[in-house]
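Please keep the structure in view while reading.

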Amino acid sequence: MAENIKIEIVTPEKYVVSESAQIVMAPGALGEFGVLAGHTPFLTSLETGKVRYRDAGGNEKLVFVSGGFAEALPDRVTILAESAEPEEDIDYERAKAAYDRAKKRLEERRENLDNARAQAALQRALTRMKIAEDGGSLH
Ligand code: ATP
């Protein structure tokens, strides 16, 4: 059997994931990348999206991540994200409320609107809603 790698997902607030995985997929700045044991080391910034991994028992797990960096080493992937939650911890109603707020701001187009900030909030909310609804169309 192939070797496992360690996956760690950490935010400034909490330790989100620390376990063994068979494979890890993550949303890098240049697109989604996959890491298996023995991977060549690299470092990338992260987009808002989902990290998916297969744990040692073969279960698929999904984690929302936004911002930060991922470092891949031959035996581990470390993700330092601005925010992250496992699929089961996503509060759909909270994400929907954040989506409505961001959408309203973008539609109002007030003069002092921080457009990039509102777009980023909208993207986070949409991604959380998608993961909570259907696992982000994983299957
Ligand atoms: P909100 O406006 O609802 O705070 P946000 O996108 O601005 O959403 P973040 O700054 O990404 O929130 O995250 C702040 C904290 O709240 C983090 O700990 C994050 O994990 C948590 N969080 C945000 N939205 C949700 C959600 N819908 N379900 C569960 N946790 C959430």
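How far is an oxygen atom of the ligand from an N or O atom in the side chain of E85? In this predicted model, the distance between an N or O atom of the E85 side chain and an oxygen atom of the ligand is 2.6 Å.

S83 places a polar side-chain atom 2.9 Å from an oxygen atom of the ligand, whereas D91 uses a backbone N or O atom, which lies 2.8 Å from a nitrogen atom of the ligand. On its own the ligand has 590 Å² of accessible area, and the protein covers 74% of this.

## The shell around the ligand

The ligand is surrounded by 14 residues, of which E13, E85, D91, R101 and R124 are the closest. Sorted by class, the shell holds nine charged residues, four nonpolar residues and one polar residue.

## Where the ligand lies

The ligand takes up the space of the largest pocket. Two or more residues of the shell come from each of β9 (83-86), α1 (92-108) and α2 (115-134), and α1 gives the most, with four residues. Because domain 1 (5-88) and domain 2 (90-134) both give residues to this shell, the ligand lies between the two domains.

Definitions and conventions:
Residues numbered from 1 in each chain as written. Predicted model: local features only at pLDDT ≥ 70, side-chain atom pairs only at ≥ 80, totals over all residues. Heavy atoms only, no water. Near = heavy atom within 4 Å. Polar contact = N/O pair within 3.5 Å; in protein donor to acceptor, adjacent residues only side chain to side chain. Areas by Shrake-Rupley, 256 points an atom, 1.4 Å probe, with all protein chains shown as cover. 1 Å grid on protein atoms, 1.4 Å probe; cavity = no way out; pocket = protein on both sides within 12 Å on 5 of 7 lines; lining within 4 Å. Sits in = over half its atoms within 2 Å of the grid points. Nonpolar A, V, L, I, M, F, W, Y, C, P; charged D, E, K, R; others polar. Domains from an automatic or database assignment.
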